[in-house]
Amino acid sequence: MRLYTKSQLIKSIIVFSILIIVVSGVVFYKLGQNSSSNGAVSSTDKVNSDDQVEVIAKDVPQLEISENVIENSVNAVSVSNNLYSQDEVQNISVYDKCNEAVVNINTKVMSYDWFLEPSVQDGGSGSGSIIDKRGYVLTNVHVIQNATEIYVSLHDGSQYKAEVVGSDLDSDLAVLKFNPPSDVILKTISFGDSKNLKVGQKVIAIGNPFGMERTMTVGIVSGLGRPIQNSNKRIIRDMIQTDTAINPGNSGGPLLDTQGRMIGINTMIMSSSGSSSGVGFAVPSETATRVVADLLKYGEVKRGRMEVSLVQLNSRIAQYADLSISTGLLVSSVPSGGNAEKAGIKGGTQAAYYGSKSSVIYLGGDVITQIDNINIETLADYYSALESKKSGDTIKVTVYRNRKYVTLSVILS
């Protein structure tokens with residue numbers, strides 16, 4: 001251990017004390033300078049600060065923009081935390097307005113066992129829209145086809161037995177009726193305008209895909225005026241194409257615009273797997289309003305018709321009849337005094353068996369190839385061309401006769 005003398009200790013204390021005094025002096029000097037510079041502002045500095053304030057005060061638009069930015073930032077935080085985007089609000093509004101007017105439709109069908117004993121079994125299911133508070137429901141024909149019993153389920157789980165008011169194969173639309181209790185107030189969906197739809201317009205579907213009640217999907221109008229053949233071998237013209245997800249169970253449900261108006265009735269999909277592939281089709285509301293009016297009034301659609309007996313042409317018949325065309329509708333016979341005869345349409349005169357000895361057709365008559373500039377190749381084309389026509393309407397019918405095309409005017413009966 002090292003020992004220090006008394007004089008050495010005194011010298012050390014004196015040196016340490018001097019160092020402390022020097023360091024303290026330097027620190028207090030620096031602090032004093034900073035305090036003076038912060039507390040004393042020159043007149044020049046004051047003028048510069050005032051000028052800056054004046055410039056900002058004069059620049060009012062800039063100030064307003066700054067305030068808007070701040071306000072929008074606050075709103076953005078609020079939206080992300082508590083509220084919804086404008087698009088989400090729109091979707092929620094349509095769903096709240098319409099979902100309780102969409103029903104689930106289930107059917108019972110008759111079947112037979114190995115011993116030919118009849119029994120009632122579960123049939124198909126689909127969707128429908130309540131269009132009248134008295135209990136009228138719009139759906140597709142194929143949803144209720146061959147049903148012996150039809151049941152409509154509402155949003156609250158209540159179920160009612162329904163009857164068919166009328167159905168129309170050509171448009172695949174049907175109207176049902178159920179009787180709700182007097183204290184039940186039904187919500188309804190109104191028809192919108194399908195004539196002014198635009199490709200790219202937002203649309204919303206509500207239905208019961210795979211039995212999942214009142215499911216909503218969102219998409220756009222992908223195409224317009226599509227002629228599509230349905231499961232009943234009828235061509236429905238002017239169909240709305242949409243990428244809105246439509247699956248089994250959606251059939252008969254509404255396709256809605258952003259105001260919650262029904263602009264189409266979801267009817268079919270185009271898919272190799274049987275589920276949605278982004279190509280769905282809906283019957284336009286323009287067709288539905290016309291069809292529904294007749295179904296409610298007559299139980300069927302009163303369309304104009306031509307009084308003729310027709311046979312769909314094929315290559316075998318064309319070869320046998322020595323025709324140079326193989327598509328169109330062969331006019332087998334024309335009733336005397338009918339509208340077709342009055343218009344100059346001619347039937348055949350040469351009898352021939354068609355398919356079996358019980359079926360006789362007549363060759364040598366006109367072949368209908370067009371109606372109102374719509375090409376007619378099949379019976380489905382023919383029914384489709386007349387789908388929107390009423391009794392008394394005049395149509396232009398083009399026929400192939402003696403290797404020439406002739407256009408005639410027919411007043412529908």
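**Exercise 1. Determine which strands and helices each supply at least two residues of the lining of the largest pocket, and describe that pocket.**

Solution. Strand S8 (215-229), strand S9 (235-242), helix H6 and helix H9 (379-385) each supply at least two lining residues, where helices (H or I, at least four residues) and strands (E, at least two) are DSSP runs numbered from the N terminus. The model is predicted, so that local features need pLDDT of at least 70 and side-chain atom pairs count only at pLDDT 80 or more, while totals for chains, interfaces and linings use all residues. Residues are numbered from 1 along each chain as its sequence is written, and side-chain values use heavy atoms, with hydrogens and water left out.

Next, S9 gives the most to this lining, with five residues. A pocket is an open set of points on a 1 Å grid over the protein atoms alone, where a 1.4 Å probe fits, with protein on both sides within 12 Å along at least five of seven lines, and lining residues have an atom within 4 Å of a point. Of the 21 lining residues, Arg-237, Asp-238, Thr-287, Arg-290 and Glu-387 lie nearest the centre of the largest pocket.

**Exercise 2. Find where Asp-238 lies and what its phi is.**

Solution. Asp-238 lies in strand S9, and its phi is near 60°, a positive value in a residue other than glycine.

**Exercise 3. Decide whether Asn-373 is buried or exposed.**

Solution. Asn-373 lies in the loop between strand S17 (367-371) and strand S18 (374-375). Asn-373 is exposed, with a relative accessible area of 72%, since exposed means over 50% and buried under 20% (1.4 Å probe, protein chains only).
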